[in-house]
Amino acid sequence: MTAGAVLLLAALALGPATVAGAPKEDFRVPPPPLTEGIFPCSECHASMEVDRRRRDLTDMHDDIVLKHDEEHRWCLDCHAPDDRDRLRLAGGQLIGFSESYLLCGQCHGDKLRDWKVGVHGKRTGSWNGPKQYLLCAHCHDPHAPRFKPMKPEPPPVRPGQAVRPGEADHE
Ligand code: HEC
Ligand code: HEC
Ligand code: HEC
Ligand code: HEC
């Protein structure tokens, strides 16, 4: 085997880190906004049969109703059937939940480009120092992105509630 072939194999072994041959770019993100206790998914799924039927879920996840290109899509297009702890790209590569922007970017490439340069979404940090990005999923519900674009703000303060002196009675 040539040194070149060894290098190629080593690069392939990196797997999900290299998407479509591109070098890995590092985006520091906070933990994915998963519901507490739901992860690892494999805690339940490792011992379950994969059920590929498109259906209303009743025994679990009944809060998830797909409203995201749902005529063309089903759960297992994004969630790896045999490794429920990971997401699945169109080409079959598996990625972690902290890399979900790669999945979104396969169909929303313009948004992913804008996100990387800090035009879309939210990026903090100095221009030449470490930057932190919010995942697409921090703002968009992957299952119904149109209807819940943002986490709701806390409710407005009602008159008479925690108002500073002098600010009441302006209704
Ligand atoms: C377009 C891709 C996509 C499709 C289709 C999809 N999901 Fe997801 N799902 C995601 C992503 C991305 C996350 C991670 C969100 C996060 O980081 O919190 C997720 C999170 C989840 C979670 C964790 C939810 C929680 O409360 O934290 C469950 C359970 C889940 N999906 C089940 C499903 C089921 C069941 C379906 C089909 C009815 C489905 N998904 C369809 C992309 C998808
Ligand atoms: C407490 C157990 C439990 C956990 C944890 C769990 N699931 Fe499930 N999941 C189920 C059950 C039960 C069903 C079948 C529901 C039905 O058929 O009504 C299911 C169904 C699904 C389906 C539909 C496809 C299939 O194989 O039936 C997807 C996709 C899915 N889960 C994704 C996830 C993801 C992603 C996570 C982690 C973020 C997760 N689940 C965590 C119990 C669980
Ligand atoms: C396989 C392709 C595909 C993937 C993967 C995908 N989307 Fe979409 N998305 C679509 C299509 C097609 C639409 C338009 C139809 C619809 O809104 O249901 C859409 C609609 C949207 C919208 C609503 C746009 C509007 O006009 O208001 C948002 C936001 C969105 N997606 C975000 C995401 C995020 C975040 C992810 C990753 C978790 C993602 N998408 C993954 C195909 C995809
Ligand atoms: C900080 C929150 C935030 C993050 C992070 C974020 N978005 Fe958005 N996104 C928004 C808001 C708010 C809108 C609606 C206003 C707008 O169009 O800019 C939106 C709109 C969209 C739309 C519909 C826009 C259109 O042209 O109609 C898509 C698709 C989308 N986002 C995809 C993504 C993807 C993919 C990512 C990750 C690569 C992402 N977003 C990250 C907040 C966010």
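Me: Helices (H or I, at least four residues) and strands (E, at least two) are DSSP runs, numbered from the N terminus. In which loop does H61 lie?

Reply: This is a predicted model, in which local features need pLDDT of at least 70 and side-chain atom pairs count only at pLDDT 80 or more, while totals for chains, interfaces and linings use all residues. Residues are numbered from 1 along each chain as its sequence is written, and chains are lettered from A and ligands numbered from 1 in the order in which they are written. H61 is placed in the loop between helix 2 and helix 3.

Me: What pattern does the chain follow along the sequence?

Reply: The chain contains 6 helices and 4 strands. Read along the sequence, they follow the pattern α-α-α-β-β-α-α-β-β-α.

Me: H61 has a positive phi although it is not a glycine; is H61 buried or exposed?

Reply: The phi of H61 is about 55°. A residue is buried if 20 or more other C-beta atoms, placed from the backbone, lie within 10 Å of its own, exposed if 12 or fewer, and partly exposed in between. H61 has 11 such atoms within 10 Å, so H61 is exposed.

Me: D69 also lies in the loop between helix 2 and helix 3; what is its phi?

Reply: With 10 C-beta neighbours inside 10 Å, D69 counts as exposed. D69 is a residue other than glycine, yet its phi is positive, near 50°.

Me: Which residue does a cis peptide bond join to F39?

Reply: Omega of this bond is about 0°.

Me: Which helix gives the most residues to the shell around ligand 1?

Reply: A residue belongs to the surroundings of a ligand if its C-beta atom, placed from the backbone, lies within 6 Å of it. There are 23 residues around ligand 1, and P32, T35, C75, C78 and P142 come nearest. Helix 3 (75-78) and helix 4 (100-107) each supply at least two residues. The one that gives the most, with 3 residues, is helix 3.

Me: How many residues in the shell around ligand 1 are charged?

Reply: Ala, Val, Leu, Ile, Met, Phe, Trp, Tyr, Cys and Pro count as nonpolar, Asp, Glu, Lys and Arg as charged, and the others, Gly among them, as polar. By these classes the shell around ligand 1 has 15 nonpolar residues and 6 polar ones. The number of charged residues is 2.

Me: Which element gives the largest share of the shell around ligand 2?

Reply: Ligand 2 is surrounded by 18 residues, the closest being C41, C44, D51, M60 and C75. Helix 2 (42-45) and helix 3 are the elements that give two or more residues to this shell. By class, the shell around ligand 2 has 10 nonpolar, 4 polar and 4 charged residues. Its largest share, 3 residues, comes from helix 2.

Me: Which element gives the largest share of the shell around ligand 3?

Reply: The closest of the 14 residues surrounding ligand 3 are C104, C107, C136, P142 and P145. Two or more residues come from each of helix 4 and helix 6 (136-139). The shell around ligand 3 divides into 7 nonpolar, 5 polar and 2 charged residues. The largest share, 5 residues, comes from helix 4.

Me: Within what arc do the buried residues of helix 4 fall?

Reply: Y101, L103 and C104 are buried in helix 4. The arc is that of the directions from the helix axis to the C-beta atoms. Seen down the axis, the buried residues line one face of helix 4, because they fall within an arc of 155°.

Me: Which residues does C104 touch, not counting those up to four places away in sequence?

Reply: Two residues are in contact if their C-beta atoms, placed from the backbone, lie within 7 Å. With residues up to four places away in sequence left out, C104 touches L112 and C136.
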